[in-house]
Amino acid sequence: MDEFKSISVLERAFVKKYKLHTLIKEVRNRVGGHIHNDYCLWYETVVDLEPQYAADMTIAFLKAFSPIQHLTMKLAGFEHEKFLKHGNDSTKSVNHLLDKIENLTREVNDKQPDGMKLGFDMKVFLDMLKN
């Protein structure tokens, strides 16, 4: 949570410093996909961009948002570990269930006369579980 709060502070500072809701929003709207509306306005907007401002903003963006990527990777790692644990638990549970079925089949067959025994093929159960 502390990491997330720290990232939020960096994000808000970046948005405020580089005027994302005003200046950059206008540039994005004019340059990002509206060339067909007014090429002259598009061109003027691109030409009027200050190279140093754009470079500083790019560097600040990377500094502010690379922690988000690191946090996302960390959280994805936690989810991956949980996924692996649940997968292992499920495999153990299925194997335990199959062992029970085999034991019950054996117990029932021990009590049944010849010709009345259960003929379960455990391979069929395993194939069903794979699909």
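Axes here are lines fitted to C-alpha atoms, for helices over the stretch in contact, and angles run from 0 to 180 degrees between N-to-C directions. Helices (H or I, at least four residues) are DSSP runs, numbered from the N terminus.

The model is predicted: local features need pLDDT of at least 70, side-chain atom pairs count only at pLDDT 80 or more, and totals for chains, interfaces and linings use all residues. Residues are numbered from 1 along each chain as its sequence is written, and side-chain values use heavy atoms, with hydrogens and water left out.

The protein has a mean pLDDT (the predictor's confidence in each residue, from 0 to 100) of 85, and 95% of its residues reach 70 or more. Among its elements, the highest mean pLDDT, 90, belongs to helix H4 (residues 51-111), and the lowest, 71, to helix H5 (residues 122-130).

| Helix pair | Angle | Axis distance |
|---|---|---|
| H2 (residues 23-31) and H3 (residues 39-48) | about 135° | 9 Å |
| H1 (residues 2-17) and H4 | about 160° | 10 Å |

H1 is therefore roughly antiparallel to H4, a term for angles over 145 degrees. H1 passes H4 in a left-handed crossing, meaning that the near helix is turned anticlockwise from the far one by less than a right angle. Contact means heavy atoms within 4.5 Å. On the H1 side the residues in contact include Phe 4, Ile 7, Leu 10 and Phe 14, and on the H4 side they include Met 57, Phe 61, Phe 65 and Leu 71. The residues of the H1 contact with H4 divide into 13 nonpolar, no polar and five charged. Ala, Val, Leu, Ile, Met, Phe, Trp, Tyr, Cys and Pro count as nonpolar, Asp, Glu, Lys and Arg as charged, and the others, Gly among them, as polar.

A salt bridge joins Glu 3 to Lys 74, with the closest N and O atoms 2.6 Å apart. Because Glu 3 lies in helix H1 and Lys 74 in helix H4, the pair ties together parts that are 71 residues apart in sequence. The count comes to four salt bridges, each a side-chain nitrogen of Lys or Arg within 4 Å of a carboxyl oxygen of Asp or Glu.

H2 and H3 are oblique to each other, and their crossing is left-handed. Val 27, Arg 30 and Val 31 in H2 meet Leu 41, Trp 42, Thr 45 and Val 46 in H3. The residues of this contact comprise five nonpolar, one polar and one charged.

Methods
Helix = DSSP H or I, 4+ residues; strand = E, 2+ residues; numbered from the N terminus. Parallel < 35°, antiparallel > 145°, perpendicular 65-115°, else oblique.
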